[in-house]
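User: I'd like to learn how to read a protein model, feature by feature. Could you walk me through one?

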Amino acid sequence: MSEASGLSPYELLGGEAVLRQLVDRFYDIMASDPRAAGIQAMHAADTTLIRQKLFEFLSGWLGGPELFIQKYGHPRLRARHLPFAIGEEERDQWLICMYQAMAEIPMEEGLRSHLEEAFFRTADFMRNQE
Ligand code: HEM
């Protein structure tokens, strides 16, 4: 993305305000869509902290400010997910929520498909079960 336009995906998406909206919708959808009940049950009932953490992580992941690394150091994202059993089903539940949250935000189709693929790869990398 950044090669073509000179802008990062973070900037193309709309910066901090739109990223916060994406993360908030992601957890709202996870809490309300019965298809995501499996991964919803893995999360703490109070999502205040995880909303902030996912926002901070995605900020850097999208080429914006490295907020998560500044606070917590290297993300070690796969290691942080090892306490949770994640197979294809859990990966797909996560992606249902993220793709739905993305669908509610206007963006260029090129950015949309780039982000969908990048989220798929990252979620697939989190799998730790057959
Ligand atoms: C593949 C399916 C996934 C499942 C089932 C899953 C589940 C979880 C759970 C249960 C937590 C702990 C939440 C809590 O403390 O209440 C967590 C933390 C987190 N997840 Fe995921 N996750 C998945 C994929 C992803 C992906 C793709 C990303 C990033 C693009 C991500 C980013 C994070 C971050 C940044 C944290 C906070 C880590 C920490 O500091 O503790 N997760 N995840």
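Predicted model: local features only at pLDDT ≥ 70, side-chain atom pairs only at ≥ 80, totals over all residues.

User: Where is the place of Tyr27?

Analyst: Residues are numbered from 1 along each chain as its sequence is written, and side-chain values use heavy atoms, with hydrogens and water left out. Helices (H or I, at least four residues) and strands (E, at least two) are DSSP runs, numbered from the N terminus. Tyr27 belongs to helix α3.

User: Is Tyr27 buried or exposed?

Analyst: Start with the cut-offs: buried means under 20% relative accessible area, exposed over 50%, and partly exposed in between (1.4 Å probe, protein chains only). Tyr27 counts as buried because its relative accessibility is 5%.

User: How do I read a salt bridge, and how many salt bridges does a search of the whole structure find?

Analyst: The general idea is that side chains of opposite charge can pair when their charged atoms come close. A salt bridge is a side-chain nitrogen of Lys or Arg within 4 Å of a carboxyl oxygen of Asp or Glu. Searching the whole structure gives eleven of them.

User: Which residue forms a salt bridge with Glu16?

Analyst: That is Arg20, with 3.4 Å between the closest N and O atoms. Both residues sit in helix α3 (residues 15-32), four residues apart, which is about one turn of the helix. Glu16 is partly exposed, with a relative accessible area of 42%, and Arg20 is partly exposed as well, at 32%.

User: What separates Arg112 and Glu109 in helix α9?

Analyst: About one helical turn, because they are three residues apart in helix α9 (residues 109-125). Arg112 counts as buried at 13% relative accessibility, whereas Glu109 counts as exposed at 54%.

User: Now the ligand. How many residues surround the ligand?

Analyst: A residue is near a molecule or strand if one of its heavy atoms lies within 4 Å of it. Here 21 residues surround the ligand, and the closest are Ala44, Lys53, Arg80, His81 and Trp94. One of these, Trp94, is in helix α8 and counts as partly exposed at 22% relative accessibility.

User: Which helix gives the most to the shell around the ligand?

Analyst: Helix α5 does, with five residues. At least two shell residues come from each of α5, α7 (77-81), α8 (88-103) and α9.

User: By class, what does the shell around the ligand have?

Analyst: Ala, Val, Leu, Ile, Met, Phe, Trp, Tyr, Cys and Pro count as nonpolar, Asp, Glu, Lys and Arg as charged, and the others, Gly among them, as polar. On that basis the shell has 14 nonpolar, three polar and four charged residues.

User: How far is a polar side-chain atom of Lys53 from an oxygen atom of the ligand?

Analyst: For Lys53 the distance is 2.9 Å. A polar side-chain atom of Arg80 lies 3.1 Å from a ligand oxygen atom. In the case of His81, an N or O atom of the side chain is 2.8 Å from a nitrogen atom of the ligand.

Definitions and conventions
Polar contact = N/O pair within 3.5 Å; in protein donor to acceptor, adjacent residues only side chain to side chain.
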